[in-house]
Amino acid sequence: MIDASRQTIVDLAALDGILTQEVAQPLAGRHLNEAIREFASGEQLPSCEAVAAWCWRRIAPRLPSGAELERVRVAEDATLWADCTGVD
């Protein structure tokens, strides 16, 4: 549902806060193999696909009612990236 007063689905400042809390802060200055439990344990490799799925699991539940996450893209460069469009 679009917020008529803002013409947006999610307030961008709120989305920025979610991304900061759920993705940027936990990873800031850290090696992925240390920052993400599944990677630290060796259970999973830190591929673009795995990082995108990790981001999805952290972001999707934090979105306000009525908003749905469509996609998370993690890119290593302009030619190497992975999209996550949901997790089981």
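**Exercise 1. In what order do the elements of the protein run from the N terminus on?**

Solution. Begin with the ground rules. This is a predicted model, in which local features need pLDDT of at least 70, side-chain atom pairs count only at pLDDT 80 or more, and totals for chains, interfaces and linings use all residues. Residues are numbered from 1 along each chain as its sequence is written, and side-chain values use heavy atoms, with hydrogens and water left out.

Step 1. Count them: the protein has 4 helices and 2 strands.
Step 2. Read off the order: α-α-α-α-β-β.

**Exercise 2. Describe the protein as a whole.**

Solution. 
Step 1. Take the box. Along the principal axes, the C-alpha atoms fill roughly 45 × 25 × 25 Å.
Step 2. Take the surface. The accessible area is about 6,100 Å², and 52% of that belongs to carbon and sulfur atoms. Such areas come from the Shrake-Rupley method with a 1.4 Å probe; for residues, only the protein chains shown count as cover.
Step 3. Take burial. Buried means under 20% relative accessible area, exposed over 50%, and partly exposed in between (1.4 Å probe, protein chains only). Of the 88 residues, 28% count as buried.
Step 4. Take the contacts, meaning heavy atoms within 4.5 Å. Among contacts with a separation of 6 or more, 40% join residues 24 or more positions apart.

**Exercise 3. Work out how α1 and α4 pack.**

Solution. 
Step 1. Locate the pair. Helix α1 covers residues 12-27 and helix α4 covers residues 48-59.
Step 2. Get the geometry. Their axes lie 9 Å apart, at an angle of about 135°. Axes are lines fitted to C-alpha atoms, for helices over the stretch in contact, and angles run from 0 to 180 degrees between N-to-C directions.
Step 3. Classify the angle. Under 35 degrees is roughly parallel, over 145 roughly antiparallel, 65 to 115 roughly perpendicular, and the rest oblique. Therefore α1 and α4 are oblique to each other.
Step 4. List the contact. From α1 come Ile18, Leu19, Gln21, Glu22, Val23, Pro26 and Leu27; from α4 come Trp54, Cys55, Arg58 and Ile59.
Step 5. Sort by class. The contact has 8 nonpolar, 1 polar and 2 charged residues. Here Ala, Val, Leu, Ile, Met, Phe, Trp, Tyr, Cys and Pro count as nonpolar, Asp, Glu, Lys and Arg as charged, and the others, Gly among them, as polar.

**Exercise 4. Is glutamate 38 buried or exposed? And threonine 79?**

Solution. 
Step 1. Glutamate 38 sits in helix α3 (residues 37-40). Its relative accessible area is 14%, so glutamate 38 is buried.
Step 2. Not counting residues up to four places away in sequence, glutamate 38 touches Glu43, Gln44, Trp54 and Arg57.
Step 3. Threonine 79 is in the loop between β1 (72-77) and β2 (80-84). At 70% relative accessibility, threonine 79 counts as exposed.
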